[in-house]
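I opened my notebook to look up a few features of one structure. My entries follow below.

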Amino acid sequence: MNVEREIEKRLLSERDNDVRRTAYNSEIRYYDMISSGDVDGLKDYIELRRKNKGQQLNGRKGVLSKDRLTSEKYHAVIMTALISRFCIEAGMDIAESYTLSDIYITKVDQAISEDEVWGLCNEISMAYCTRMRDLVKNKVVSRYVVLAIDYIRAHVQEPLTVESIANELSVNSSYLSKLFKKEMGKSISEYIRDSKIEIAEKMLRHLDDTSLQIANYLGFSSQSHFIQVFRKQTGMTPEEYRRQHYHKSWIGQKDKQG
């Protein structure tokens, strides 16, 4: 097979038939949802995926084999590898992540139907997502702190305040602030800031969004405020951070330690 000729042939075919692959940004946000432990968001995604019979939600999958079952298995293996690395990057133990990956890839290899592969994809994503959520929860004891963390993670794109979170949880804001600080070692405001900057760093590493787009996405009052907070937190402007880290995280030191 002439690879260059085949690339041109396939790209031309897709253009002629107005076929579009899943948007890169959408894929990254899917993996980020898992690595951040957003179980509720993932459940909604899985439900939409179920209605689409396992297909991608924003485009079509590439054909990786002439055999449909084999093609689905290849996609599942790729998905598992990417989830594993995103979760390592977000703090999951390297050995645990790779072992979980090995177990599920073996299950995918043994699957005998496309439905079974689709079911395994959902199981894999939920298994990792649940573990990432529990990474944070295991560090705390109090119910209200757990609920606050869940709420922050689910609404991190909004302009959150201590008062709005306390009202949502029906608890006194002063009590929640003191409890959170005691168990997490940082204030709620600091945790919100850190969560937003963590997501901003991932977007800068993997996406092409501008500082303005990221600021709007994460609920900052303005682009200048986002840049100010980001620089204070990381010592760099968003663009300086992007120049140093764009598309480098999967092959960095963490993988070398594995």
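How many aromatic pairs does the count come to? I noted first that this is a predicted model, where local features need pLDDT of at least 70, side-chain atom pairs count only at pLDDT 80 or more, and totals for chains, interfaces and linings use all residues. Residues are numbered from 1 along each chain as its sequence is written, and side-chain values use heavy atoms, without hydrogens and water.

I got 8 aromatic pairs. The rule pairs rings of Phe, Tyr and Trp (its six-membered ring) with centres within 6.5 Å; planes under 30 degrees apart are stacked, over 60 edge-to-face, and the rest tilted. I looked up Tyr144 and Tyr175: their ring centres are 6.5 Å apart and their planes at 90 degrees, so this pair is edge-to-face. Tyr144 lies in helix α7 and Tyr175 in helix α9 (residues 173–184), so the pair ties together parts 31 residues apart in sequence. Helices here are DSSP runs (H or I, at least four residues), numbered from the N terminus.

Next I checked how α7 (residues 143–154) packs with α10 (residues 188–206): the angle is about 35 degrees and the axes are 10 Å apart. Axes are lines fitted to C-alpha atoms over the stretch in contact, and angles run from 0 to 180 degrees between N-to-C directions. I then listed the contact (heavy atoms within 4.5 Å). On the α7 side I found Ile149, Ile152 and Arg153; they meet Ile188, Tyr191, Ile192 and Ser195 in α10.

Technical notes:
Helix = DSSP H or I, 4+ residues; strand = E, 2+ residues; numbered from the N terminus.
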